[in-house]
Amino acid sequence: MTESIETPIRRGVPLWVQIIIWLGLLALLFMVGRTLITRQQGTVQPGDVIPNFTLPLFSGYEYADKSEVELSDFSGKVVVINFWASWCNPCEQEAAELQQAWQLYEPTGQVVFLGADYVDTAPEALVHLQKYGITFPNGPDMGTRISQLFRIQGVPETYFIDKTGVLRYVQVGPFSSVGQIQSQIDILLSE
């Protein structure tokens, strides 16, 4: 008597599933590689043209009654972009200086300050802004889109953009005086 042994039929993973898995892995490798290359580049450098971006603004910190602004809205003006966070102690050290500098230049209409709140929550950010009497336009950097555009290394970092949209100076770390801020702005205004 011979017994017949039935071997189960092995079915492989369908081809379409294999293709999806391989495409997913390739996409992941591409994203990791792109991130590594971007990180090696460091922050944007003076001389770089800054691409247009949109910054949503906190309620009470709008600009010209706009709830969001684009960099292109400020063509012909000097733009000072400060990346900060409520949890950042050095950001607290420079908050008063930034506000004083803003008060000096706001009446001229030639300079715009923008605050980009980095990896924070709105309630804490608003407490910080009120605590230091900040009045210039400020908003959350949603999903860190803008900070990734500038490839910031941490906070505070401040970027001075000339009237033509070209980055001219980067301040990594807090300012020590209003004069330090003024000296960079005055150079750009005299050009």
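1. Let's start with the lining of the largest cavity. β3 (78-84), α2 (89-105) and α3 (122-131) each supply at least two residues to that lining, and α2 gives the most, with four residues. Helices (H or I, at least four residues) and strands (E, at least two) are DSSP runs, numbered from the N terminus. This is a predicted model, in which local features need pLDDT of at least 70 and side-chain atom pairs count only at pLDDT 80 or more, while totals for chains, interfaces and linings use all residues. Residues are numbered from 1 along each chain as its sequence is written, and side-chain values use heavy atoms, with hydrogens and water left out.

2. How much space lies in the largest cavity? About 70 Å³. A search of the whole structure finds one cavity of 30 Å³ or more. Here a cavity is a set of points on a 1 Å grid over the protein atoms alone where a 1.4 Å probe fits but cannot get out, and lining residues have an atom within 4 Å of a point. Grid points are joined across faces, edges and corners, and the volume is the space filled by probe spheres set on the points.

3. Among the lining residues of the largest cavity you can find Trp84, Cys91, Glu94, His128 and Phe136. By class, this lining has seven nonpolar, three polar and one charged residues. Ala, Val, Leu, Ile, Met, Phe, Trp, Tyr, Cys and Pro count as nonpolar, Asp, Glu, Lys and Arg as charged, and the others, Gly among them, as polar.

4. Now look at the sheet. Five strands form an open, mixed sheet in the order β5-β4-β3-β6-β7, where two strands pair if DSSP finds at least two bridges between them. β5 (138-140) and β7 (167-172) are the edge strands, each with a single partner, so one side of each has no neighbour in the sheet.

5. β3 pairs with β6 (residues 157-161) in the antiparallel sense over five bridges. One place to check is isoleucine 81, whose bridge partner in β6 is tyrosine 159. α2 packs on the sheet and touches β3, β4 (111-117) and β6; contact means heavy atoms within 4.5 Å.

6. Two backbone details are worth a visit. Most residues other than glycine have a negative phi, and most peptide bonds are trans. The peptide bond from valine 155 to proline 156 is cis, with omega near 0°, and proline 156 is in the loop between α4 (145-150) and β6. Alanine 64 has a positive phi, near 50°, and is found in the loop between β1 (54-56) and β2 (68-70).

Notes. 1 Å grid on protein atoms, 1.4 Å probe; cavity = no way out; pocket = protein on both sides within 12 Å on 5 of 7 lines; lining within 4 Å. Axes fitted to C-alpha atoms, helices over the stretch in contact; angles between N-to-C directions.
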